[in-house]
Amino acid sequence: MEASSVATNEGLETAAIQNSASFNVGVFYMPSWNVSGNEKQDVDSFWSCIQGRENCSFLTDKSAWGPHGRIYTSSFPYEGPYLDKKPIEALKGFYKRDDPEVARKQLDYMYDYGIDFFAYNWFFGRHYYYHKDFAPQAGVYYPEEWPTDKSRDGRVEVPGVEEWNDQLEVLLQENAKRPKNTQLKFALNWCDDSEDRWTQWLRMASPQNINSRTNYPGETPDKELYLRVHDKITLLWIDKYFHRDDYLKDETGRPVVYFYFPHDTEARASYYGIGLDDLIERSQDLVKKAGFPGVKFIAVTSGAMTTSQKAYAMPTSWKPLDPKQPWLGGKYADRLLFQDYVPRLKALGFDGMTAYMYHDFYDQDNKSYADMRKTYQGHWDKWSKYYKNDGEFDYQVPVAMGWDRRPAGGTWPQRSGFPSEPSKDKVISDKSSFKVKLTAAKKVLVENQATNGNTLMVCCWNEYLEGNHIEPTVGHGFDYLEAIRALF
């Protein structure tokens, strides 16, 4: 290496250290939930899989693994339990998700180790009807003055409820108790309908749902209701979250909303002839009407990049197999490779882009952490350069501490009962290799801060079932947090 190159790199590293205060570090936060189906018996979706396979609901998911669930053989052995993932004693080990003392500790660790905000993976079940006059459901969010049916205990006219927000509620309660200057910011990472939720939404009009009185005649998942549910989601954000002082906003006062896998929403909205840009515009109008300058939507997105993987690329449309019975399933079509999808984001209404996880970059994929560093570097270089002259669009540089989906059965589930790419399940870093990746990411931030923004997004605080967690555990202690604090 020439002396001038060495000097340049040393200068960038020095600038990175000096400019640490000018960067924002965010971390994605994944909630867990009770998989028992019984409110009186809490079987945590995380801890049940880490402690063994007996109560791990992911391993018995027939829609993912086929009729026999995940099958273990000598060629595909069970390698758990994964007890090194147990949170440290100060976090009470396999803690309860709504324990305020644990939430308090989590916020302490984030603040003490240089994390500025967390983006909570936020889920919304758009198909759930409920009854506002029924005491246990009286507190569920519903826009004021929206109609209900008094003859059915105030059954709401427009369905939908937040899901898996137990941890968010307690995190925000504890955050509000902190001195203002030590409160963390938070944002929502909207994880729109999964395939299962989409099917349940369409099923509202099925004879089975009507006959069982799960739904009533007129509760039809048509275009009008779809749009009203979207408005309800936006109003919930405004009324419950955006007005909070600790909600993350940009320098103009716009609340920041992360939008996970927008192509899924685009594909399903296409069933109604609705564009993703139409949905985003509706949200913008409602937020501006509430007195904010708008929303800053950040696409959390990634995807296949080679023609050989086109069948797994990003869909932009969904069509039912039987138009008269859409709840029986459909086909995702009009797939785009990632490099063809990204240039559309700004016109769709997004103001930035980041990623939860990059699994590949063209032909380079992740079979080790060294591979992952190459994959991420490829994306950083490509997208930083692509947006280098666009000061109105942020490329928020993402990093991940690894990938290991073995606790949930492996990568990726096949209906044969076996994972399709188990070689990708040991992409594991340590403090040293994670710090090398962070250093490279910070170099990209320094070089492109003028136009690409100043945010680093870390995946993740607690994605335990995908082996992607920087929360202190028995296995790695504070290693990943110490690496972040050393650089940011």
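A cavity is a set of grid points where a 1.4 Å probe fits but cannot get out, and its lining residues have an atom within 4 Å of a point. The views below come from a predicted model.

**View 1. The largest cavity and its lining.** Ten names make up the picture here: Tyr29, Tyr95, Lys96, Arg97, Asp99, Val102, Ala103, Gln106, Gln167 and Val170 line the largest cavity. Two helices, H4 (100-112) and H5 (166-177), each give two or more residues to this lining. Helix H4 supplies the largest share, 3 residues. By type, the lining divides into 5 nonpolar, 2 polar and 3 charged residues. The volume of the largest cavity is about 40 Å³. The structure holds 1 cavity of 30 Å³ or more.

**View 2. The second largest pocket.** This pocket has a volume of about 660 Å³. Its lining counts 23 residues. Glu162, Glu163, Trp164, Asn165 and Asp166 lie nearest the pocket centre. Strand E5 (161-163) and helix H8 (223-242) are the elements that give two or more residues to the lining. The largest share, 3 residues, comes from strand E5. The lining is made up of 10 nonpolar, 7 polar and 6 charged residues.

View 3. Thr265 sits in helix H9, which covers residues 262-269. Its relative accessibility is 1%, so Thr265 counts as buried; the cut-off for buried is under 20%. Leaving aside residues up to four places away in sequence, Thr265 touches Asp192, Tyr226, Phe259, Leu276 and Leu279.

**View 4. The chain around these sites.** The protein chain holds 15 helices and 18 strands. Its C-alpha trace spans about 80 × 60 × 50 Å along the principal axes. For 488 residues, a compact globule would have a radius of gyration near 23 Å; the chain has 23 Å, so the two agree. Of the 488 residues, 54% count as buried. Take the contacts between residues at least 6 apart in sequence: 73% of them join residues at least 24 apart. The accessible surface of the chain comes to about 21,300 Å². Carbon and sulfur atoms account for 49% of that surface.

Note on methods:
Residues are numbered from 1 along each chain as its sequence is written. This is a predicted model: local features need pLDDT of at least 70, side-chain atom pairs count only at pLDDT 80 or more; totals for chains, interfaces and linings use all residues. Side-chain values use heavy atoms; hydrogens and water are left out. On a 1 Å grid over the protein atoms alone, a cavity is a set of points where a 1.4 Å probe fits but cannot get out, and a pocket is an open set with protein on both sides within 12 Å along at least five of seven lines; lining residues have an atom within 4 Å of a point. Grid points are joined across faces, edges and corners, and a volume is the space filled by probe spheres set on the points. Helices (H or I, at least four residues) and strands (E, at least two) are DSSP runs, numbered from the N terminus. Ala, Val, Leu, Ile, Met, Phe, Trp, Tyr, Cys and Pro count as nonpolar, Asp, Glu, Lys and Arg as charged, and the others, Gly among them, as polar. Buried means under 20% relative accessible area, exposed over 50%, partly exposed in between (1.4 Å probe, protein chains only). Contact means heavy atoms within 4.5 Å. The radius of gyration is taken over C-alpha atoms; the globule rule is 2.2 Å times the number of residues to the power 0.38. Accessible areas come from the Shrake-Rupley method with a 1.4 Å probe; for residues, only the protein chains shown count as cover.
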